[in-house]
Structure formats: C-alpha cells, structure tokens
Amino acid sequence: MSDPVLEIKHLVKRFGDQTVLKDITLTVEEGEVIVVVGPSGCGKSTLLRCINALEEIQGGEIRLKGAEVSKTSSNLAKIRQRIGMVFQSYELFPHLSVLDNIILAPTKVQKRSKEEAKEEALALLSRVGLREKADSFPRQLSGGQKQRVAIVRALCMHPEILLFDEVTAALDPEMVREVLDVILGLADQGKTMIIVTHEMQFARAVADRVIFLEEGVIKEEGSPDQFFEEPKTERAKEFLKTFTFERKRSRV
C-alpha cells in the first residue's frame, strides 16, 4: 500500500485563549474524497486553512507525502503548490481575464511556458463548460461560473490534493448544481480531495468517508451510508435531523 497523501497527527489550533481544533488526527489516502461536515463554528474551515499553512498551528503536525506543512518550513512555497485550495469567495483578480487568472500562477510561480499553460487552461475550461468565457472578466460571470474558474485555476497547478471550503455557500441555489457537478467529475477522475460543505445530499454522493466535526473534535467518521443511515452518536443524529426537517419543509 502506498504512503498516504496527507497525514494529520494530534493537530491543535488556538486563537488566543480559544482552542478551535483539539487533537485532530486524520489520514487521507491517494484518490480518497473526505467530506467534513458539522455545525457552523466547529472548525471545518480552520482545518483546511491549517492544512495549507494559512494558519499557524500550536500543536501536532501535518505532512504532505512526508513533507512537513508548516509556516516555518523552509520550502513552504513549493509545498503550497502541491495543495490546491478553492475558497467560497472565488479570489479571482478583477482586472485579469478568466484565462489570465488561470495561467498567472503556473507561469509566474511554476515558471511554465505561457503557451503550455494557456493550452491546458483552455482544455480545462472546455471540460467545465466555460471555454467561451476565456477572454471575459470576473465581473461578467455568474457566481457559479466564477467558482468553476476558481476550480480550473487550482487544477492548472497540478496539486496532489484539493481543498474545497464551502464553495457553494455564496451561490444562488440554481448555480449550486453546476459547481457540484464539476466536483463530482473530479471525484470520478480519482482526485484526492477534502471538501467542507453543508450540502448533505452532495456529501453523500461524493464522499468516500465522512468526518463529523464539532467543537474542534472529530466526533464521528465513517462511510457515507453508515453516517447518513446509522450515525453512531446522538449529536450526529441531531445534526442530520436539521437537514431532514429542511428538506420536508421545502416540499410544502
């Protein structure tokens, strides 16, 4: 069996006197899709930011194929190139076209030729149905289109793992599906991913393993069928009832 892509051991993250993540231990295998769910404020987004060293940790360790991921790592810039992160707020440069947004990092950071990066970017845009938007600017796109561009930008860096932080949270409901379909396609291609989401039906469809986080602790983890059909903890049962109630109300 090959070494895991990502290893997190006894991770602790604090903001001042508040401990946000408490003794988190998690392993992610090649091609595995982990979905992290839990109530707002439980530490889901902070976990992703720690994995990408956007937040400094106060205990434990994070390793990407054996390389330590830390703000103090001498090769942190190179390690970050191997971790793709897609935020809910897109983070596109408004003054650059879609194509220029995508090829900026491959050409400036990875020193790849502009022609090579452009060819790959256009192929990826075609795959997500946005080839005709290559010369458009972010202000000319819908929220769903911007998010698909952000995903393509991450893919163009050839990351070993992709992190998705509530990528549909800022979207209108009719735009959610187009983004989720792209992520489902990436799962079918065998991409290694950690996804934070409140979309429970999507979580069940895409996950190999579901992590239930509350108050900075992994309270439960298991297969999608096990978690959604037979949650082990009372807290997970209460959490899932909330979404069941919302689905029933939506049919009235």
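Mentor: Two strands pair if DSSP finds at least two bridges between them. Helices (H or I, at least four residues) and strands (E, at least two) are DSSP runs, numbered from the N terminus. This is a predicted model, in which local features need pLDDT of at least 70 and side-chain atom pairs count only at pLDDT 80 or more, whereas totals for chains, interfaces and linings use all residues. Residues are numbered from 1 along each chain as its sequence is written, and side-chain values use heavy atoms, leaving out hydrogens and water.

Trainee: Which residue stands opposite Ile-83 in E7?

Mentor: Strands of a sheet pair through backbone hydrogen bonds, either parallel or antiparallel. Here, Ile-83 faces Ile-161. Strand E6 (residues 83-86) and strand E7 (residues 161-165) run parallel, joined by 4 bridges.

Trainee: Are the residues of strand E6 buried or exposed?

Mentor: Buried means under 20% relative accessible area, exposed over 50%, and partly exposed in between (1.4 Å probe, protein chains only). In E6, Ile-83 and Met-85 point one way, Gly-84 and Val-86 the other way, and all are buried.

Trainee: In what order do the 4 strands of the open sheet lie?

Mentor: The order is E2-E1-E4-E5, with antiparallel pairing. Strand E2 (18-28) and strand E5 (67-68) are the edge strands, each pairing on one side only. Strand E1 (residues 6-15) and strand E4 (residues 59-64) are joined antiparallel over 5 bridges; Val-12 has Gly-59 in E4 as its bridge partner.

Trainee: Why does Lys-108 count as exposed?

Mentor: Lys-108 counts as exposed because its relative accessibility is 57%. This residue is found in helix H3 (residues 98-108).
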